[in-house]
Amino acid sequence: MHFARTLAATAVTVALTAGAAAHAAISDDAVKIGILTDLSGTYSDLAGPGVVVAAEMAIADVGGKVAGKPVVLLKADHQNKADIAANKAREWGDVEKVDAYVDLVTTSTALAVMEIAKQNQKVVLISGAGSSRITNEDCNPTTVHWTYDTYALAKGTGSAVVKEGGKTWFFLTADYAFGQNLQKDVAAVVEANGGKVLGAVKHPFPASDFSSFILQAQASGAQVIGLANAGSDTTNAIKAANEFGVVQGGQKLAGLLVFISDVHSLGLPVAQGLTLTTGFYWDYDDKTREWSKRFFDKTGKMPTMVQAGVYSSLMHYFKAIEATGSDDGPTVVKKMKETPVEDFFARNGKIREDGRMVHDMYLAEVKKPAESKAPWDYYKILRVIPGDEAYLPLAESKCPLVKKS
Amino acid sequence: MYQKALYTALLLLGLVAPYAIYPVFLMKVLCFALFACAFNLLLGFAGLLSFGHAAFFGLAGYVCGHVLKVWGLPTELGLIVGTLAAGALGLAVGALAIRRQGIYFAMITLALSQMVYFFFLQAPFTGGENGLQGVPRGHFLGVVDLRSDLALYYVVLAVFVAGFWLVQRTVDSPFGQVLKAIRENEPRAISLGYEVDRYKLVAFVLSASLAGLAGALKSVVLQLASLGDAHWHMSGEVVLMTLLGGMGTILGPVVGAATVVTLQNYLASSPIGSYVPAPVVLGVIFVLCVLAFRRGIVGELAALVRKNLNLG
């Protein structure tokens, strides 16, 4: 009798705890990942279909299951329009019960989706978008910014080039907020390191004819020409610089937002000598080569830092779900922030309280055609920039999540 | 009589639709439908092809977003201020543009709207490339909490119906008759004693204001205003919507807007979309429409119905 009662009580307790655990566990019996990226536009080369492949690799590598529940992948082309991204993200959150939004290429789409995540508490893993606003004044508790940001790229390239002897600078700046902020950031770094800014010229955004701007830059006599622009503006400027023999004339080009896909499309004869900062290079060591080789076999291209970053961020996300047994946004991100990140992509990585994944960055120079021994052998790594040096210090952060002591 | 029955049926459909289809998507369709109706008022009934309507749509979105987010005014005031701003800009642009005709008119509107676009790109309050994010939905008339998608949907539907009714009334009014006369033969309208410039200007301002209302509504629905709304692509998109649905028909723009938005949304995540990019599909449809059925979806349907009735 007594035994029976104990048994019954135990059974009830077990049932209740099991019920509670199930409640806190994976919602809708699946972990749903929604990739929002540019599948058709300007950035489809650096993110796009390659990001989808990277995500599929991540899912395959965890056996298609996390915490015993299947992982479902959804993808959409946000066409770099904030309203399409916002609409899709909201629909995925409400109807499809997506647990995490992944990638997001332009800053406007990223900020739009972050607003929605603020309301529905979903996880946002940003790789493609670059603005440092994402973890600075606009930071939010469930967003993690993985691969790079403009601050780190500007700072890495700016300080390293000055240290290498590039003391005088001239900027080609895209005439809108992004370009101007980039120029301001780099100019501050250059001056702090004892360099000097001789001048700058603003070009319309987007521009295709850079000849007059390149001539001005050439005439300035500066040792370094900083390209405070992105995408097709950068590649067009590099092409024009090549035509006017800027690098051959002894001046250096510093790209502030350049991806390996840009270098690939320009070709080494045009891009050679360009200095840039990147968050990932496929030919860095055995671990990066091993993963990139697998990626290459599926896509025929080496991964950009954005694509490698998506894989890395998803693996870390899956690990956190595995560890907590839950796919609830705030719980998972909390766990992600507690766990250090160390894989083929991130060295000495950690996610700070503002959501910034801080990891080592690399200062690279594009090789001369003669130095390149194999396809995609493009970069010479000049220096490893430790994460804490590369990213905005927490002390200067405007993010409300950062506790100031 | 048929028209009344049709409208009633459509209204009923609109009332029950959010229970079957995702409401935010429907709201987006309604915003673009209103935008296309406004555009059609100008192109379809006054014969003026404006290639700068995105400026009004975008401006109202930014103004409404700014008013709601930074000044913290109630939602309905945001919509009104946005609409008025677009109307004022319409007055300025219209006054300049109507002095010329045909392609020159289109070019002037395009040039002025590009100026507006670059202003938005540079102006600090728009957030430039990043757009204006986190616009609060607020409460309608201080009572209805618009954070609920369903509540917001009915507000948007009501605003849309009001806008649509206004367009219909304008077209049916003597003023609308004069507009049609100007479209058909401007010198004759002048010789009949009409001051055509005034008619054109009023039509332009009306159209710009309604486009603004649609833009303001969209910034409340999606809680953001982005540079894309003011880009000339958007001006092109509204031309596409209107032509696809049927220029000069009342319902055409609504059908066209619904088709385009649905396709954009569907292709964004469909398997077809990963082989053929959404813009390409839209382009092909547009070419087919221009080549094969020039009256647009509604125009062709109406012609078909008319033919059958005559035969019967």
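Two residues are taken to be in contact if their C-beta atoms, placed from the backbone, lie within 7 Å. With that in hand, the place where chain A touches chain B can be described: the contact takes 27 residues from chain A and 26 residues from chain B. This is a predicted model, in which local features need pLDDT of at least 70 and side-chain atom pairs count only at pLDDT 80 or more, while totals for chains, interfaces and linings use all residues. Residues are numbered from 1 along each chain as its sequence is written, and chains are lettered from A and ligands numbered from 1 in the order in which they are written.

On the chain A side, E3, H3, H4 and helix H6 (177–192) are the elements that give two or more residues. Here helices (H or I, at least four residues) and strands (E, at least two) are DSSP runs, numbered from the N terminus. H3(A) brings the largest share, nine residues. Sorted by class, this side of chain A has twelve nonpolar, six polar and nine charged residues; Ala, Val, Leu, Ile, Met, Phe, Trp, Tyr, Cys and Pro count as nonpolar, Asp, Glu, Lys and Arg as charged, and the others, Gly among them, as polar.

Helix H3 (residues 82–96) of chain A also meets helix H4 (residues 107–120) of chain A, their axes coming within 8 Å and crossing at roughly 25°. Such axes are lines fitted to C-alpha atoms, for helices over the stretch in contact, with angles running from 0 to 180 degrees between N-to-C directions. H3(A) and H4(A) are therefore roughly parallel to each other, the label for angles under 35 degrees. Among the residues that meet are A:Ala85, A:Ala89 and A:Gly93 in H3(A), and A:Ala112, A:Val113 and A:Ile116 in H4(A). Seven nonpolar, four polar and one charged residues make up this helix contact.

Then there is the sheet of chain A, an open one of six strands in the order E2-E3-E1-E4-E5-E6, with mixed pairing. Strands E2 (65–66) and E6 (143–145) of chain A stand at the edges with a single partner strand each, so one side of each has no neighbour in the sheet. Two strands pair if DSSP finds at least two bridges between them. E2(A) pairs with strand E3 (residues 69–77) of chain A in the antiparallel sense, over two bridges, and A:Lys65 has A:Pro70 in E3(A) as its bridge partner.

Note on methods
Angles under 35 degrees count as roughly parallel, over 145 as roughly antiparallel, 65 to 115 as roughly perpendicular and the rest as oblique.
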